[in-house]
Amino acid sequence: MNIFVLNSGSSSIKYQLFRWPAERPVCSGLVERVGSAQATITHQVFDLQAPANPPAETKLTLPLADHEAGLHEVVRLLTAAPGGIIADPADIAIVGHRVVHGGETYAAATRITAAVKVEIKRLFALAPLHNPANYVGIEVAERVFAQARQVAVFDTAFHQTLPEHAFRYALPTALYTEQRIRKYGFHGTSHQYVAAQAAAYLQKPDARLITIHLGNGCSMAAVRGGQSLDTTMGFSPLAGLVMGTRSGDIDPSVLLYLLGPLGYTTEQVNTLLNKESGMLGLAGSNDMRDIGAALAVGDARAALAYDVYAYRIRQYIGAYAAVLNGLDAIVFTAGVGENDALVRTRVCENMEFFGLTLDEDKNQQRLPGLRELNRPESRVKILVIPTAEELEIARQCADLLSR
């Protein structure tokens, strides 16, 4: 059974194709700059018989007017002879869509119907940067893969297990009951995947875990027995940790000051907090590789940025150890979490009280797959687990439609 996983952004299309039940993708790709005359496509086909072999890669630059044009070009690559992955778009049985916001309505993968699409549109206001693009991907996929079953997997779904005392804000009740203003949490597919991997590795289904997703967007979750009990992102993906361009937690009175005495408009504040803050605001770049290089030559801004970034993560480790009443492991994942040894060092230093003792030699090694970075005497495991959100989406699609 062919499962095509689609992540549609405002000007991008990310995809993977699985020949289920095999959990290694047959191919993957990224379409960028959709809507421009210089759009790019990077398409990779994997050798499943010899996984160590590098993928066969195709790179294209071409005009793509919209997402539909982009997806048609992807289909052409999937069906191109010789070596086509599928013979026809009708060979795709399921299209699994990443949808960022499912509100309180969806706590699991959901077959897409007209009513589901209405609800995704209703949630545009809560995720204006993501849900509209996800919706476009659904509409295009319904036309391009007309015979496939369309399934939505929501970033917020995993966090629907948060207790009310964790998801409610101390605001007038009507703002929750009538406007649904509450903590939702995001990156749920990633947290769910790595938490399950960690519990299996520890051979402890009820494991108390703190999962730390560090990419350009960053979030943490407190997970016990496979259920999310708290998470750092909130009503939107803006809250919590310091991120690439997002501020993370900030005193709300700062916003009032920006909007009042400083004369900012709401749009300017939105741009400031989402696109001009975080590591970009502190260090002048949102790429941790650039900031790490600047730190190595003594750049003071880079040093402060690393300190603030790691300090916020350590604060939440302390808070979530209390939420979980103990801790079996912390899990680093996503691009920065998996690859930036300095971030892991800064996060884990002076954390002996919490039972965290990092083995720096192991930390400096760059190895594939799940790896353990703690010293033998560490009471708490320190794990790196590569995230696989597309695989998790494919799993949830297959589970949903096998019932």
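**Aromatic pairs and the overall fold**

Analyst: F235 counts as partly exposed, at 28% relative accessibility. The cut-offs are under 20% relative accessible area for buried, over 50% for exposed and partly exposed in between, with a 1.4 Å probe and protein chains only. This is a predicted model, in which local features need pLDDT of at least 70 and side-chain atom pairs count only at pLDDT 80 or more, while totals for chains, interfaces and linings use all residues. Residues are numbered from 1 along each chain as its sequence is written, and side-chain values use heavy atoms, with hydrogens and water left out.

User: How many aromatic pairs does the structure hold?

Analyst: The structure holds 9 aromatic pairs. Rings of Phe, Tyr and Trp (its six-membered ring) pair if their centres lie within 6.5 Å; planes under 30 degrees apart count as stacked, over 60 as edge-to-face and the rest as tilted. F4 and F145 form a tilted pair, with 5.2 Å centre to centre and 50° between the planes.

User: Where do F4 and F145 sit in the chain?

Analyst: F4 is in strand 1 (residues 2–8), and F145 is in the loop between helix 3 (131–144) and strand 8 (149–154). They are 141 residues apart, so the pair links distant parts of the chain. Helices (H or I, at least four residues) and strands (E, at least two) are DSSP runs, numbered from the N terminus.

User: Are those two buried or exposed?

Analyst: F4 counts as buried at 0% relative accessibility, and F145 counts as buried at 1%.

User: And what does F235 pair with?

Analyst: F235 forms a tilted pair with Y184, at 6.3 Å centre to centre and 45° between the planes. Y184 lies in the loop between helix 5 (173–177) and helix 6 (188–202), and F235 in the loop between strand 11 (227–231) and helix 7 (252–259), so the pair ties together parts that are 51 residues apart in sequence. Y184 counts as buried at 1% relative accessibility.

User: Which rings are linked into a cluster?

Analyst: Ring pairs link F4, Y15 and F145 into a cluster.

User: New topic. What is N134 in contact with?

Analyst: Leaving aside neighbours within four places in sequence, N134 is in contact with N7, S8, R98, V99 and V100. Contact means heavy atoms within 4.5 Å. N134 is found in helix 3 and counts as buried, at 4% relative accessibility.

User: Where is M288, and what does it touch?

Analyst: M288 is in helix 10 (residues 288–296) and is buried, with a relative accessible area of 9%. Apart from neighbours within four places in sequence, M288 is in contact with M279, Y306, Y309, V336, D340 and V343.

User: What share of the residues is buried?

Analyst: Of the 403 residues, 50% count as buried.
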